[in-house]
Amino acid sequence: MAETYTREINALIQQKRYRQINRVVIWQAGDSPQDDGRFLADCCYNGFAPTDRNVIKSVAKSIMSICVGIALDQGIFKSLEEPVQRFIPEFAEGRDPRHRQITLAHLLTMTSGIYWNGGIHYHCPMITQMRRSGDWISHIADCAVTDAPGARYNYKEWDILLLARLLDRTCGDLYDFMDDHLYKPLGIAGGEEHQWYKSPCGVYCSVAEGDQGPEEQRSSLSAYDLLKIGRLFLQDGVYHDRQIVSASYCRQATAPSRRNPGYGLLWWVGQGWYGCRGFGGQSITVLPGKNTIIITQATPTARGMTYDDVIWTCADLL
């Protein structure tokens, strides 16, 4: 059976001339979280070895969401309705009267209301201006709040950078918290070697300078690492008999949010699936009805390929 899956995937990639795809994995769960399941396909391209790491891009957003869930379970946050100004002083200074209305939930659903114009891919003038400011959080706090918090979905980096600062302030250190409470329990190699990029003003940012420089490579993960993250949610927050994040948070994160039915709490949501997406073809797609997870990894290019046809071809083979 595995040969059939591999043959179909190889044929599609060859037909479409997808030269930047590095990994495609299809994994199906066993009867229990303790069961290692089985690989229906495990394809490597461009000289990639099975354990090689690839940039994750915005998959990092979903990972940060898991950290929020763990922090909630530990009582670090009372609820997702906690106001951002409680943890980020710049938002308690009254620079905009609507700052006090922005909550943790708004950051997780991309509905803070702070003005954003994304530009093209990671070449964004607003991000460039922020980097030149020398103080990222203060710069964001000076941006106008053009929508009432919670009123409109707008996918933007501001909310993620604020969330990174918030987690860093409340959890001691965002990366150390993630490494101790998520990566190590999942068996993902972390430590100093793989510590996410931190700006000179102290804000974690997994995409670093928006390219594939050495800073961004530090946050890269293997396809097997991404699979573990998908398995964690497929198995209601349990990995090898350990409850890493609560089942209730996994369900909440992958439920449609009020302002975008295709988005949860930094997780993408669709008909019969949920998952993580990163620029240029990085993806985790969980199909709970089929107990299956599909992983794709690729070298990002300016075209911003998503390779959705590869994902759904894999799904159709099941």
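β1 and β2 pair in the antiparallel sense over six bridges. Two strands count as paired if DSSP finds at least two bridges between them. Strands here are DSSP runs of E with at least two residues, helices are runs of H or I with at least four, and both are numbered from the N terminus. Val-25 has Asp-42 in β2 as its bridge partner.

β1 also pairs with β10, again antiparallel, over seven bridges. Ile-21 stands opposite Ala-298 in β10. β1 is mostly covered: eight of its eight residues are buried, meaning under 20% relative accessible area with a 1.4 Å probe, protein chains only.

This is a predicted model: local features need pLDDT of at least 70, side-chain atom pairs count only at pLDDT 80 or more, and totals for chains, interfaces and linings use all residues. Residues are numbered from 1 along each chain as its sequence is written, and side-chain values use heavy atoms, leaving out hydrogens and water.

## The whole sheet

The open sheet has six strands in the order β2-β1-β10-β9-β8-β7, with antiparallel pairing. β2 (38–44) and β7 (268–270) stand at the edges with a single partner strand each, so one side of each has no neighbour in the sheet. The twist averages 15° from one strand to the next.

Gly-270 stands opposite Trp-273 in β8.

Helix α9 (residues 223–234) lies across β1 (21–28), β2, β8, β9 (282–287) and β10 (292–298). α9 runs at about 150° to β10. Such angles run from 0 to 180 degrees between N-to-C directions, with axes fitted to C-alpha atoms, for helices over the stretch in contact.

## Helices α2 and α7

Helix α2 (residues 59–73) packs against helix α7 (residues 174–186) at an angle of about 90°, with axes 10 Å apart. That makes α2 roughly perpendicular to α7, a label for angles of 65 to 115 degrees.

Contact means heavy atoms within 4.5 Å. On the α2 side, Ile-63, Ile-66, Cys-67, Ile-70 and Ala-71 take part. They meet Phe-177, Met-178, His-181, Leu-182 and Tyr-183 in α7. These residues divide into nine nonpolar, one polar and no charged.

## Leu-107

Leu-107 sits in helix α3 (residues 104–108). Leu-107 counts as buried because its relative accessibility is 0%.

Conventions
Parallel < 35°, antiparallel > 145°, perpendicular 65-115°, else oblique. Nonpolar A, V, L, I, M, F, W, Y, C, P; charged D, E, K, R; others polar. Buried < 20%, exposed > 50% of the residue type's maximum accessible area, 1.4 Å probe, protein only.
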